[in-house]
Amino acid sequence: MLIDDKFFMKMAIALAVKGRGFVSPNPMVGAVIVKNGKVVGKGYHKAAGKAHAEINAINDAQALTGDATLYVTLEPCNHTGRTPPCTVKIVEAGIKRVVIAMKDPNPDVTGGGVDYIKRHGIDVTSGVCEDEAKRLNESYIKYVTTKRPFVVIKCAATLDGRIATKTGNSRWVSGDESRMHVHKLRHSVDAIMVGINTVKQDDPSLTVRLNDINGMDPARIILDTNLTISEEAKVLRLNSSSDTIIITGKSVSEDKKNAVEALGVKVIQSPVKDGLIDLDKLMDRLGDLGITSLLIEGGGSVIASAFKAGIVDKVIFFYAPKILGGDDGMPICKGPGPALMDGCIPVKDIHVRRFGNDVMIEGYV
């Protein structure tokens with residue numbers, strides 16, 4: 001590995017990030033072409049079905065690709081999908097060296113991208129900034145290796161761990177900066193999930209509202225075991241290109257189901273465990289629907305159920321500098337917990353950020 005490899009790979013990763021929220025179910029990929037120490041081409045994957053990062057970088061470099069080095073955040077594809085193989089274009093462009101951050105973990109595609117370009121005399125270096133590249137595409141990696149979505153729990157709480165008052169009021173626990181970051185999180189995932197109590201209490205839209213980009217609304221998933229949602233709920237009457245999906249148990253009113261579906265909403269009946277939707281089995285169903293990433297926003301019963309089901313991959317907790325000062329508000333997790341501290345769920349690889357006066361703690365379960 002050369003001294004500049006990390007520098008140029010970090011540039012490629014920064015380009016890949018531009019595709020966040022737009023490329024699913026594909027991974028985010030960035031590419032940089034360097035010749036004689038200078039960047040001559042840059043590109044990233046902009047949307048599923050459109051040109052891959054390598055092709056965009058090669059097109060950007062035009063006639064300067066001969067004997068150049070290509071930096072790419074993911075192993076170039078060697079199969080024909082919605083676009084032709086990138087490996088062939090790399091060879092045709094006269095690239096002499098390819099630096100890759102990570103191999104493609106997808107077992108369902110015909111791999112061998114590295115082997116193909118090596119057979120054509122191109123020098124290959126792998127594993128440069130690999131950890132950063134894997135974190136960038138953690139949802140893609142989880143989905144292609146398990147066929148289940150990468151699950152993130154997000155919540156905003158007071159310093160004494162309450163997400164709402166005893167009346168259910170939660171507007172607003174966190175500040176403007178935190179809430180804007182949450183909209184970026186929503187933009188980055190395929191689906192967002194809440195329980196029916198959150199819908200009844202807050203009547204949320206569960207859409208993306210960003211100032212700097214035209215954000216993509218995730219699919220909205222409502223856990224409503226007995227299908228008690230009001231037909232006037234905002235989430236059923238949105239002008240949005242994404243789906244609203246209500247997850248119910250097997251025994252619900254057929255008339256109510258028909259009335260809700262008449263609003264353009266999908267109603268999916270799913271197995272129930274202990275009177276609630278079985279979240280473990282639901283993850284398989286969501287995976288079958290092509291949902292690669294899921295953001296759970298609550299409330300307390302849903303968050304607790306997600307932890308109990310063992311489906312959570314990552315947590316993002318916002319703590320506001322507020323103290324409710326009582327024990328009757330809504331806790332982050334509702335219901336019984338372990339008897340001993342040894343029963344706590346460990347969180348690792350912690351990152352801490354400030355958003356205004358709020359503190360965000362992010363980590364992996």
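The legends below describe close-up views of a predicted model.

View 1. Nine strands make up an open sheet with mixed pairing, in the order β11-β10-β9-β8-β14-β6-β15-β18-β17. Strands β11 (266-269) and β17 stand at the edges, and because each has a single partner strand, one side of each is left without a neighbour in the sheet. From one strand to the next, the twist averages 20 degrees.

**View 2. The pairing of β6 with β15.** Strand β6 (residues 150-157) and strand β15 (residues 314-319) run parallel and are joined by six bridges. Within this pair, V152 stands opposite K314 in β15. Strands of a sheet pair through backbone hydrogen bonds, which may be parallel or antiparallel in arrangement.

**View 3. Helix α10 packed on the sheet.** Helix α10 (residues 279-288) packs on the sheet, where it touches β6, β8 (191-195), β9 (219-223), β10 (244-248), β11 and β14 (293-298). The direction of helix α10 makes about 155 degrees with that of β9.

**View 4. Helix α11 and the residue that follows.** The buried residues in helix α11 (residues 300-309) include G300, V302, I303, A304, A306 and F307. Just after α11, G310 takes a positive phi of about 70 degrees.

View 5. Residues I345, V347, I350, V352, I361 and V365 make a nonpolar surface patch of about 460 Å². One of these residues, V347, is found in the loop between β16 (330-331) and β17 (348-355). V347 has a relative accessible area of 39% and is therefore partly exposed, since residues counted as buried fall under 20% and those counted as exposed lie over 50%.

Notes:
Residues numbered from 1 in each chain as written. Predicted model: local features only at pLDDT ≥ 70, side-chain atom pairs only at ≥ 80, totals over all residues. Heavy atoms only, no water. Patch = residues over 30% accessible without salt bridge, like charges linked within 9 Å, V, L, I, M, F, W, Y side chains within 5 Å. Areas by Shrake-Rupley, 256 points an atom, 1.4 Å probe, with all protein chains shown as cover. Salt bridge = Lys/Arg side-chain N within 4 Å of Asp/Glu carboxyl O. Helix = DSSP H or I, 4+ residues; strand = E, 2+ residues; numbered from the N terminus. Buried < 20%, exposed > 50% of the residue type's maximum accessible area, 1.4 Å probe, protein only. Pairing = 2+ DSSP bridges. Axes fitted to C-alpha atoms, helices over the stretch in contact; angles between N-to-C directions. Contact = heavy atoms within 4.5 Å.
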